[in-house]
Amino acid sequence: MSSAYDATRADEPITDAERRQLHEVWAQPRGWRRFSEINNSVIGFYYLVTALGFLFAGGILALLIRLQLAVPDNTLLSPETYNQVFTMHGTTMMFLFAVPAVEAVAVYLLPQMLGARDLPFPRLSAFGYWCYLFGGILAFSSLFFGIAPDGGWFMYAPLTTSAYSPGINADVWLLGIGFIEISAITAAIEIIVGVLRTRAPGMSLNRIPLFGWYMLVTATMILFGFPPMLLGDALLELQRALDLPFFDANRGGDPLLWQHLFWMFGHPEVYIIFLPAAGIVSMILPTFAQRPFVGYHWAVLGAIGVGFLSFALWVHHMFATGLPHISLSFFSAASMLVVIPNAIQFFCWIATLWLGKPLFKLPMLYLVGFFSVFLIGGLTGVMVAVLPFDWQAHDTYFIVAHLHYVLIGGMVFPLLAGIVYWLPASTGRMMDERLGKIAFWLLFSGFNLAFLPMHWTGLIGMPRRIYTYGADMGWSGLNMASTIGALVLAAGFALFAYAVVHAARRGRQAPDNPWNAGTLEWVEGIPLRKHGFTSVPIIRSRYPAWEQPELAAEVREGRHHLAHARNARRETIVTTAVDARPDYVLALPHPTWIPMITAILVTVCFVSLTFKATSVALVAAVLIIPMLYLWVWRTPAPVGEVVDAGRGLTLPAFVSGPRSVLYSGVTVSLIFDAIAFGALVFSYLYLFTVRGLPWPPAGYPLDDLATAGIPALLALALLAVGMLALRLLRQDRRGLTGMAVAVALALQAGAFAALLAWMRPISATADAYGATVWTLAGYAMAHLAVSAIMAVYVLIALAAGRLSAGRPLALENTERVNRFSALLMLITLALISLFPRIIGHG
């Protein structure tokens, strides 16, 4: 940082030519090339529109369900069609709408809230979106071809194994969910690094907008919650495709393993959906209370507490599976304990309204719907946390009612409030108050009419997932009321959609800050620009629009940072994680087709595997590798280049090591990877606890320790050579570096072959033990293959002169992945060879 830097000194206004250049650099391409745009404001908009499209598609399926159940003995839908419809309804709402919708709001708004030009990995966001779009379309369109999944959105084994679901219906579900998981993980990486490293100068941790904190917690939960689900999907597909018996009790597996892996993800997902909505509430309430948020630090701690405790609740969904009562008591207590951090947030919201001077504008009406509906969902949640009550209500329509009060009340009403609130920021126009109010009352009354009776329907015995019922059961009137309510609810959603479109096209022009909000996204006026701000602002408070009255004019005139695009580059400032001091200027990529093409190749690969077209899948997988090379082969800023960032501040245009956001992104990715491996280790140990001694089971002789020594020694050698290569590059000895990388590549191939040879005597299909150890070994071998692909790229980059002592980042990240791969291999060897000896084998 330049010694002449003065955060209080304003630069001269930028010229019209500089302003035009800034707009041109960030302008979205026209025609078909608009789909090559990777700017987060564009990708976030695509995400949100697609998620809302799936909301309406899932809503149509819900209407079909309700029409089928409106009267007894109805034949509108056959049992087979009904199973497909209710499975796809749940899948669409949980996976294709809820999680992507909250991520969409984050990707769209976070750069504006944080004072960044863009988040750090726009191509990653674009890749995640295209995977989501392609996977979602493939999964949903299966309904029209009679191959939609029919095992429920939870897909419990063994019902969904090939023995009981022989078609490709379950494979289609696994395919679609795999894409959603890719999308969610890419967004989580983007959000975590973006919130921590691309905030405006001066926006220290205690000045981050509450939505930023909530999304940081949510993204971290995705990082920890999605790996078990991803692993469960992989294990189920391996059993269906290759007959690996993870869930086959006759061959040492356990169907409950699927439930453990699914609900390790499934219950945190409830809060992954709720916390961003709570963040929206925490942004809107201070605006209409006309005062700063009360209990900022308490709300942040409450969100963190919810995120932490949510991972102690997964057995909440398994109370009726016969688990030991002592375990059930622990999870029952944890289910009640999570009420405390949620209550902290509620009291902060109440205090903000109580101490302010509330204005009852249209967004507040939707928040009233949130408070009332979600409160009922929370109270019924405490009820089902009580074991005796849950045993009575489990798998009845009481649970259906509870689920919808939590998810629609806790997520949909805040999302609609957020759409109304930020619609002027996006379009520059206001929603019609009359249309918005009519839509709300249709939504609110229709929702309660549809789902409130379901509590009684469940308590008098109606089970979930039945396609019809007899007239003598006494459920007819309540089901008819629920169906009428669903139709009213659908009318409310249709009117709300019309109100949004009407506002975007013909709505009243909004002033620059129509709600008199205090947060940063409203500072420079509306509608929001692709580059966010004319100049990257310096922040000195949590509510800069209220507490820095001069900021709007200064930012608009270009008196703060990066008020230019002199190098014709898209740029943003990277700041330190804690106190947001300017660190360096990040050059962002321009529009490119690479993310979309890569997503298409991934789609072709997965779809081909689903339909057993192995050769096509192999070709697509091979083509992905050069696309990834092109992805990272971007002309970087020259080593030593500095950028005049304004106000006397000069910053480097390139850094490596822990200062780099790429380094941070790889760190977050490796954490996700480690958690996925941890879930696999959990599966191995869980099957051991179910099976008991002897371990390995009869028919699997314990290996000779000497045979495990060869792959172990190769892994240790790989660790040493990788560290040597990085040391040589830092000494700028590029020739020797290339030789060391080539040796590492040979060691990776040798370790792969040695591990494969060591595993060859073990049958993967005879018993769940063999299936699990083969999966452990396969996980390690897959990482060796990835390390080898990265090593080849390093050799190419070295030959092209793109790696040096001043630019070691590619080798730094490659060496970290290499180190991780070697450690995975050593842990795998220890689990298979040493663990049975430690426990006594039996």
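1. Arg559 is partly exposed, its relative accessible area being 21%. This value, like every other in this note, comes from a predicted model. Arg559 pairs with Glu557 in a salt bridge whose closest N and O atoms are 2.5 Å apart. Glu557 is also partly exposed, at 31% relative accessibility.

2. The salt bridge between Asp171 and Arg240 has a closest N to O distance of 3.0 Å. Asp171 belongs to helix H5 (residues 169-197) and Arg240 to helix H6 (residues 210-242), so this pair ties together parts that are 69 residues apart in sequence. Both side chains belong to buried residues: Asp171 has a relative accessible area of 6%, and Arg240 has a relative accessibility of 11%. In the model as a whole, the count of salt bridges comes to 21. Among the charged residues, Arg197, Asp583 and Arg659 are linked in a network of such bridges.

3. Strand E3 (residues 570-575) and strand E4 pair in the antiparallel sense, over 6 bridges. Within this pairing, Arg570 stands opposite Leu588 of E4. The hairpin of E3 and E4 has 6 residues between the strands, and Ala580 in this hairpin takes a positive phi near 55 degrees. Strand E4 (residues 582-588) is largely enclosed by the rest of the structure, because 7 of its 7 residues are buried.

4. Helix H8 (residues 296-309) has 14 residues, which at 1.5 Å a residue should span 20 Å; the end C-alpha atoms are 20 Å apart, in agreement with that expectation. The buried residues of H8 include Tyr296, Ala299, Val300, Gly302 and Ala303, together with Gly305, Val306, Gly307 and Leu309. An α-helix has 3.6 residues a turn, so residues three or four places apart point the same way. The buried residues of H8 pack against H6, helix H7 (256-289), helix H9 (325-337) and helix H10 (339-355).

5. The largest nonpolar core holds 257 residues, of which Phe95, Phe97, Trp349 and Tyr366 touch the most other members. Leaving aside neighbours within four places in sequence, the contacts of Tyr366 include Phe413, Leu416, Ala417, Val420 and Gly436, as well as Ala439, Phe440, Leu443 and Phe496. A second, separate core has 14 residues, including Tyr629, Tyr793, Leu803 and Leu811.

6. Gln68 is located in helix H2 (residues 40-69). This residue is buried, with a relative accessibility of 0%. A polar atom of the Gln68 side chain lies 3.2 Å from the backbone nitrogen of Leu76. Apart from neighbours within four places in sequence, Gln68 is in contact with Asn74, Thr75, Leu76, Leu77, Tyr82, Tyr467 and Thr468.

Key
Residues are numbered from 1 along each chain as its sequence is written. This is a predicted model: local features need pLDDT of at least 70, side-chain atom pairs count only at pLDDT 80 or more; totals for chains, interfaces and linings use all residues. Side-chain values use heavy atoms; hydrogens and water are left out. A salt bridge is a side-chain nitrogen of Lys or Arg within 4 Å of a carboxyl oxygen of Asp or Glu. Helices (H or I, at least four residues) and strands (E, at least two) are DSSP runs, numbered from the N terminus. Buried means under 20% relative accessible area, exposed over 50%, partly exposed in between (1.4 Å probe, protein chains only). Two strands pair if DSSP finds at least two bridges between them. The expected span of a helix is 1.5 Å times one less than its number of residues. Contact means heavy atoms within 4.5 Å. A nonpolar core is a set of buried Ala, Val, Leu, Ile, Met, Phe, Trp, Tyr and Cys residues joined through side-chain atoms within 4.5 Å. A polar contact is a pair of N or O atoms within 3.5 Å; within protein, one must be able to donate a hydrogen and the other to accept it, and residues adjacent in sequence count only if both atoms are side-chain atoms.
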